[in-house]
Amino acid sequence: MTGLSATSFDSPPAYGAALAEFLRTDPRAEPYIGFRAENLEHSAKHLAGLQALIFDEGWSRLGWPERAGGLGGDPKFRAQMFQTLWDLDIQIPEPFTTLEILVPVLLVFAPHLSDELLPGLLRGDDTWAQAFSEPDAGSDLASLRTRMEPDGDGFRLYGQKVWSTFGHLSRRSVLLARSGGPGHKGLTMVLVDLDQDGADVRPIRAEDGENHFSEIFLDGAFVPRERVIGELGQGWAVAMYMLQWERGAWGWLQQGRFHKRLEQTLGMAAPDDRHAASIGHAYTLMAALRLHTRDTVRRLAREETLGPEVCVDKLLLIDAETATWNTIREHVGPRFDVDPDLHCLRGEYLFSRAAPIYGGSQEIQRTLVAQRVLGMPRD
């Protein structure tokens with residue numbers, strides 16, 4: 001462990017420069033620069049080594065509170081780390097994305113869990129999923145049916161979840177279940193172990209051939225009472241708090257990937273004036289996403305509580321993601337669809353087709369912005 005601390009750097013950019021120098025010069029980081037995986041499972045296994053490396057050296061602990069195993073300091077250090085990794089063409093391990101969404105929630109609503117479990121998550125020794133959506137409850141979480149029933153010093157879970165990212169590679173999942181009556185007020189959020197009897201996780205093969213998602217079938221899986229996040233019946237409020245991190249942190253992380261992939265693609269083929277307009281359009285949308293999510297990250301770092309305006313982050317993400325990948329495919333030309341060396345790019349392109357749906361559909365986000373941000377009438 002090096003001697004890094006919250007006072008080692010006077011700003012996130014200074015931290016980013018030092019991290020970049022470490023990754024460029026330390027031979028242990030070489031296997032991760034420019035890495036392209038054969039498949040999702042190969043990627044997860046390989047990048048776990050990167051997580052362990054930057055945790056053991058202290059880099060990924062900056063920006064997290066000391067009481068939870070971090071090194072303290074400005075939370076913007078975390079955003080800078082993601083940007084630095086993309087700048088060096090280092091793929092960000094999926095667990096980082098999940099913990100950026102889930103752990104800030106635990107710090108507020110279940111600090112005993114974050115203090116105990118964050119180090120293992122950061123290092124890659126533990127992996128989590130989130131299980132909210134159900135076959136009949138996607139964007140409308142208030143209608144979910146998975147239920148939790150009291151049993152001794154905990155609860156038993158019964159129901160089905162779907163579209164849990166990396167679910168089949170995760171040891172635990174944050175889950176929203178019904179502990180009371182119908183509607184928002186009857187929901188509770190819990191942390192459940194997936195490696196137990198009563199929890200059956202089945203991967204879902206996506207269009208690109210990868211197991212991005214999973215179904216989770218629950219038939220009496222046990223949750224200790226201390227694994228409740230917040231209070232019983234507080235699940236909707238906890239989920240709404242979580243959304244600001246999902247929109248802001250996820251959008252910031254993804255804009256770095258979009259910029260890097262388009263930059264790399266422009267070097268694959270000779271310049272063509274016919275593509276100038278689409279390239280400019282993609283860069284404009286990426287810049288809008290970058291600037292807006294940067295502001296969201298800064299507000300979250302100031303511990304502001306954001307409202308429905310974070311839906312704008314998701315809408316900007318949808319436009320930037322679809323435009324970027326349309327441009328990449330157009331610029332590369334026909335070989336994009338057949339060149340075996342481009343299989344990773346093709347996979348990312350195919351995944352981008354889901355952008356208007358995953359993490360909250362485009363139609364729902366537009367409605368929320370219209371009604372709750374702009375104050376437009378419902379009719």
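Reader: Is D89 buried or exposed in this structure?
Author: Buried. D89 has a relative accessible area of 13%. Keep in mind that this is a predicted model.

Reader: Where does D89 sit?
Author: D89 is in the loop between α3 and α4, and α4 covers residues 94–109.

Reader: What is its phi?
Author: D89 has a positive phi of about 60 degrees, although D89 is not a glycine. For context, most residues other than glycine have a negative phi.

Reader: Which loop holds F166, and what is its phi?
Author: F166 lies in the loop between β3 and β4. Phi of F166 is near 60 degrees, again positive in a residue other than glycine. F166 is buried, with a relative accessible area of 14%.

Reader: What about S170? Where is that one?
Author: S170 is in the loop between β3 (154–161) and β4 (172–178). S170 is buried, at 11% relative accessible area.

Reader: What does S170 touch, leaving aside neighbours within four places in sequence?
Author: T127, W128, A129 and L194. With W128 there is a polar detail: its backbone oxygen lies 3.3 Å from a polar atom of the S170 side chain.

Reader: New topic. How many salt bridges are in the whole structure?
Author: A search finds 28. Side chains of opposite charge can pair when their charged atoms come close.

Reader: Which residue pairs with E348?
Author: R261. The closest N and O atoms of E348 and R261 are 2.9 Å apart. E348 lies in helix α9 (residues 343–352) and R261 in helix α6 (residues 235–265), so the pair ties together parts that are 87 residues apart in sequence.

Reader: Are E348 and R261 buried or exposed?
Author: E348 counts as buried at 16% relative accessibility. R261 counts as buried at 4%.

Reader: What does D26 pair with?
Author: R28, with the closest N and O atoms 2.9 Å apart. D26 is buried at 16% relative accessible area. R28 is partly exposed at 43%.

Reader: And E304?
Author: E304 forms a salt bridge with R302, with the closest N and O atoms 3.0 Å apart. E304 counts as partly exposed at 29%, while R302 counts as exposed at 51%.

Reader: Which helix is K76 in?
Author: Helix α3, residues 76–87. K76 is partly exposed, with a relative accessible area of 24%. A polar contact of 2.7 Å joins the side chains of K76 and D74. Not counting residues up to four places away in sequence, K76 touches P12, V297, R298 and A301.

Reader: Now α8. How many residues, and how far does it reach?
Author: Helix α8 (residues 311–332) has 22 residues and reaches 32 Å from its first C-alpha to its last. That is close to the 32 Å expected at 1.5 Å a residue.

Reader: How many of its residues are buried?
Author: 16 of the 22, and α8 is mostly covered. Just after α8, G333 takes a positive phi of about 90 degrees.

Reader: Last one. What makes the nonpolar surface patch of about 290 Å²?
Author: V373, L374 and M376. M376 is in the segment after α10 (362–373). M376 counts as partly exposed at 45% relative accessibility.

Key:
Residues are numbered from 1 along each chain as its sequence is written. This is a predicted model: local features need pLDDT of at least 70, side-chain atom pairs count only at pLDDT 80 or more; totals for chains, interfaces and linings use all residues. Side-chain values use heavy atoms; hydrogens and water are left out. Helices (H or I, at least four residues) and strands (E, at least two) are DSSP runs, numbered from the N terminus. The expected span of a helix is 1.5 Å times one less than its number of residues. Buried means under 20% relative accessible area, exposed over 50%, partly exposed in between (1.4 Å probe, protein chains only). Contact means heavy atoms within 4.5 Å. A polar contact is a pair of N or O atoms within 3.5 Å; within protein, one must be able to donate a hydrogen and the other to accept it, and residues adjacent in sequence count only if both atoms are side-chain atoms. Patches are made of residues with over 30% relative accessible area and no salt bridge: like charges are joined within 9 Å, nonpolar side chains (Val, Leu, Ile, Met, Phe, Trp, Tyr) within 5 Å. Accessible areas come from the Shrake-Rupley method with a 1.4 Å probe; for residues, only the protein chains shown count as cover. A salt bridge is a side-chain nitrogen of Lys or Arg within 4 Å of a carboxyl oxygen of Asp or Glu.
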